[in-house]
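Subject: Structure handover

Hello,

Here is the structure I said I would pass on. Please open it beside this message.

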Amino acid sequence: MPAIGEQKKPSAPVPDGLKWRPDCDRIKPLDDFPRTRKASGRHTYCKPCHNARGRETAQRLYGGTREYHLRRRFGIGEKEFRELLAEQGGVCAVCGDPDPEHVDHDHRTGWVRGILCFNCNGGLGQFRDSPARLARAITYLRGTTWQRVLIHPGVFQMCSPTRGRPPSQRS
C-alpha cells in the first residue's frame with residue numbers, strides 16, 4: 001500500500017465501465033467503488049482498500065480503532081474508559097454484570113455517564129433516556145400480571161389487576 005498522499009498512475013488504459021484501484025494496482029468494475037458527489041461519481045479507492053486505509057490511519061494516529069472510536073464519539077480514550085470502569089468496580093453501572101464494554105452518554109449534552117453492558121445500554125436507548133418512561137415501565141412490571149379467572153365451569157377469562165376486575169359470579 002502506498003503512503004497516504006502518494007500518487008500512482010495506471011500502467012495501462014482503463015476500459016469504460018471499469019476503474020483502476022491505486023492501492024492494490026488492479027482494474028475492477030465500477031460497482032466495487034462507492035458512489036460520491038465527485039466529478040467521476042465514484043470514490044478513488046474500492047471498499048476493501050478504503051477500509052484498510054482507515055484501519056491503518058486509526059492504528060497510526062490513535063493506536064487502534066477502539067481508541068479512535070472512543071475519542072471521536074465520546075471524547076475519552078481507553079485509559080479514561082478503564083479508570084471509569086474501575087470507579088464502578090468493574091461492573092455495569094445499572095445491573096452489576098461484570099465486564100461491561102459500552103459507554104453510556106447523555107444524548108442532549110454528549111457527556112459520558114458511565115460504562116454499561118450491552119443490554120442496559122440498549123434498554124436505556126429504547127426508553128429514550130427518559131426517567132418518566134422508565135418509571136411507567138417499572139409501574140407496568142409491578143402491577144400487570146394477567147391471570148386466568150374462572151367465570152363459569154370450564155370458562156376462563158384473562159384479567160389484570162390494573163385493567164379492571166373480572167365479572168362477579170352473579171352477573
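Below is what was found, starting with the chain as a whole and ending with single residues.

Please keep in mind that this is a predicted model.

Overall layout

The protein chain has 171 residues, and 23% of them count as buried. It contains five helices and six strands. The chain exposes about 12700 Å², of which 52% comes from carbon and sulfur atoms. If you take the contacts between residues at least 6 apart in sequence, 20% of them join residues at least 24 apart.

The hairpin of β5 and β6

Strand β5 covers residues 147-152 and strand β6 covers residues 155-159; the two run antiparallel and are joined by five bridges. Together they form a hairpin, with two residues between the strands. H152 stands opposite V155 of β6. In the turn, G154 has a positive phi of about 85°.

The loop between α4 and α5

Helix α4 spans 118-126 and helix α5 spans 131-143, and R128 sits in the loop between them. S130 is found in that loop as well. S130 is buried, at 18%, because the cut-off for buried is under 20% relative accessible area. The side chain of S130 also reaches the backbone nitrogen of R133, at 3.2 Å.

Most residues other than glycine have a negative phi. Two residues are worth looking up on that account. R128, already mentioned, is not a glycine and has a positive phi near 55°. D99 is not a glycine either, and its phi is positive at about 55°.

Where is D99 placed? D99 lies in the loop between α3 (78-87) and β3 (102-105). D99 has a relative accessible area of 63%, so it counts as exposed, the cut-off for exposed being over 50%.

Regards

Methods:
Residues are numbered from 1 along each chain as its sequence is written. This is a predicted model: local features need pLDDT of at least 70, side-chain atom pairs count only at pLDDT 80 or more; totals for chains, interfaces and linings use all residues. Side-chain values use heavy atoms; hydrogens and water are left out. Helices (H or I, at least four residues) and strands (E, at least two) are DSSP runs, numbered from the N terminus. Buried means under 20% relative accessible area, exposed over 50%, partly exposed in between (1.4 Å probe, protein chains only). Contact means heavy atoms within 4.5 Å. Accessible areas come from the Shrake-Rupley method with a 1.4 Å probe; for residues, only the protein chains shown count as cover. Two strands pair if DSSP finds at least two bridges between them. A polar contact is a pair of N or O atoms within 3.5 Å; within protein, one must be able to donate a hydrogen and the other to accept it, and residues adjacent in sequence count only if both atoms are side-chain atoms.
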